[in-house]
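Please look over the sequence and the structure before reading on.

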Amino acid sequence: MTRSITIFDTTLRDGTQGEGISLSADDKLKIAVRLDELGVHYIEGGNPGSNGKDIEFFRRVQELGLKAKITAFGSTRRKGGSADEDENLQRIAESGAQAATLVGKSWDFHVHTALQTTLEENLAMIEDSIRYLKRRGLEVIFDAEHFFDGFKHNPGYARSVLQAAHEAGADWLVLCDTNGGTMPGEIRSTMAALVEAMPEAKFGIHTHNDCELAVANALSAVSAGALQVQGTINGYGERCGNANLCSVIPNLQLKLGLPCLPDEKLAQLVPAARYVSEIANVHMPAGQPYVGTAAFAHKGGIHVSAILRDSRTYEHIAPELVGNKQRVLVSELAGQSNLVSKARELGVVLDPKSPQAAETIGRIKDLEHRGYQFEGADASLELLLREAGGEVRELFVFESFKMLVEKSAGKPVVSEAFVKLRIGGESLYTAGEGNGPVNALDNALRKALLHYYPQLTDMHLSDYKVRVLDDKEATASKVRVLIESRDAENAWSTVGVSGNVIEASWEALVDSMRYALLGQEPAAGAAALEPRPGLLNH
């Protein structure tokens, strides 16, 4: 009979210990709903006795009716005290959570150094605390902190910690690689020995990523008999992070054949990972396995030619299984297959044998040689492809722009832009202020275009990045500007390159508006304009 693996998510507790991650109570509730929709079994919300945010979370989460078991975190009672009188344990019991994660010491070095108590008292603290929470009706998950270090140093005592927790009524015994320094072989052999020695107990694994092995260690533990995996979305966590559930889950389910989520839920993995990333305001690495934007991206022409015949040639799974999609990148390494595939993806008719295809490939390679990069600027690439097919109508004829940046003592910098252009037969001259040159240019250009293209009201710039292309040239270096824009439904990125950062920004800014208005007609006053190559033809 195939084992099923229980997924324990600690993004809201252990994940928030990662540098730069801070979640409000509202943030935590939003993420909890998305995790529940994904189908995880346990959602650890935090320590209900530690801060106001966690107290508010446990109070409000009860109203959401989630299917996952909401879990409160805490440590064993204080040394020399009583579990019945321990305020932290009382808050856990009164939190409304269905389960409690109780962390206890399993390394004798920590008992003596951190707790500064005896080995016997530590066992009593574990037993008393678990029995108290069980009497209060909670499921108890015992996290044996620093277990693998403790087992290597004093295996007899580490075993006695697990035995004490089990006899006190713990529902799960979770072995923690708290310092993240254990190798997969050690994890597997230790877990296998304990599963054999305590067949009546249910074991779990909690790993950290200090050696880049958290996922591998979690899988090793499961292969040795662990039935629960603790981790976080995107691997968030203190120091180098926790086991990344976005890798653990598909590896278990698709590679090892061990079910942990319903099949239809697995396709929600990418949206869930990106949602949590947005809420946490942490950039998701493009190359993150399974869920990153580059996880199924193909750049080399030979690779693309092969995947167009059969995607299995260069993809280990169908990306749709986890909610991702195949992407074909167009760059200086691109061949005809890349371009044709990208055009097909965008709905652009491009004959691979046509002169336009060869010309467009040559144009892209020339632009990339000059510093443009289209892997992260799909909108600029689409404009190029549609221009090749004669589909793009020019929005306006650019004549000039001027910038004024003024800084007075004791006052903030003021930026003002003046833009001159023609739409149809009408000449327009507009000015705009902003908190920086790019913002001022955006406002001035928008002021000129809104009368003719009111659709731009819903569009805004959401990200702006500048990359120096040759640092040897110092301040005379070329720069590449990437701008991300959004409207109510979509996001897109455009690129500009110049030795002047304002000009590069202008190119990317204009392309962002051209893309937003693809297929749109002017609302009033502008004569029809003939198709012609766009503003990226420098």
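In which sense do strand β1 and β2 pair, and over how many bridges? Strand β1, residues 6–9, and β2 are paired in the parallel sense, and 2 bridges connect them. The description that follows rests on a predicted model.

## The chain as a whole

The protein chain contains 18 helices and 16 strands. It has 538 residues, and 50% of them are buried. The accessible surface of the chain amounts to about 23900 Å², of which carbon and sulfur atoms supply 50%.

Contacts can also be sorted by the sequence separation of the residues involved. Among the contacts in the protein chain with a separation of 6 or more, 67% are between residues 24 or more positions apart.

Another parallel pairing joins strand β3 (residues 69–75) and β4 over 5 bridges. Here Phe73 stands opposite Thr101 of β4. Strand β4 spans residues 99–105; because 7 of the 7 residues are buried, β4 is largely enclosed by the rest of the structure. The residues of β4 point two ways: Ala99, Thr101, Val103 and Lys105 are directed one way, while Ala100, Leu102 and Gly104 are directed the other way, and all are buried.

## An antiparallel sheet and its helix

An open sheet is formed by 3 strands in the order β11-β12-β13, with antiparallel pairing. Its edge strands are β11 (397–406) and β13 (426–434), each of which pairs on one side only. From one strand to the next, the twist averages 15 degrees.

Strand β12, residues 414–423, runs antiparallel to β13 and is joined to it by 9 bridges. In this pairing, Leu421 has Leu428 of β13 as its bridge partner. Helix α17 (residues 437–449) packs on the sheet and touches β11, β12 and β13. The direction of α17 makes about 145 degrees with that of β13.

## A pair of packed helices

Two packed helices are described by the angle between their axes and the distance between the axes. For helix α16 (residues 378–388) and helix α18 (residues 501–516), the angle is about 65 degrees and the axes are 9 Å apart. The crossing in which α16 passes α18 is left-handed.

Which residues make the contact between these helices? From α16 they are Ala379, Ser380, Glu382, Leu383 and Glu387, and from α18 they are Asp511, Arg514 and Tyr515. Sorted by class, the contact of α16 with α18 has 3 nonpolar, 1 polar and 4 charged residues.

## A buried leucine

Helix α15, residues 355–369, includes Leu367. Is Leu367 buried or exposed? The relative accessible area of Leu367 is 2%, and buried means under 20%, so Leu367 counts as buried.

Leu367 can also be placed relative to Val497. The two residues are 130 residues apart in sequence, while their C-alpha atoms are 9.2 Å apart in space.

Note on methods: Residues are numbered from 1 along each chain as its sequence is written. This is a predicted model: local features need pLDDT of at least 70, side-chain atom pairs count only at pLDDT 80 or more; totals for chains, interfaces and linings use all residues. Side-chain values use heavy atoms; hydrogens and water are left out. Helices (H or I, at least four residues) and strands (E, at least two) are DSSP runs, numbered from the N terminus. Buried means under 20% relative accessible area, exposed over 50%, partly exposed in between (1.4 Å probe, protein chains only). Contact means heavy atoms within 4.5 Å. Accessible areas come from the Shrake-Rupley method with a 1.4 Å probe; for residues, only the protein chains shown count as cover. Axes are lines fitted to C-alpha atoms, for helices over the stretch in contact, and angles run from 0 to 180 degrees between N-to-C directions. A crossing is left-handed if the near helix is turned anticlockwise from the far one by less than a right angle, and right-handed if clockwise. Ala, Val, Leu, Ile, Met, Phe, Trp, Tyr, Cys and Pro count as nonpolar, Asp, Glu, Lys and Arg as charged, and the others, Gly among them, as polar. Two strands pair if DSSP finds at least two bridges between them.
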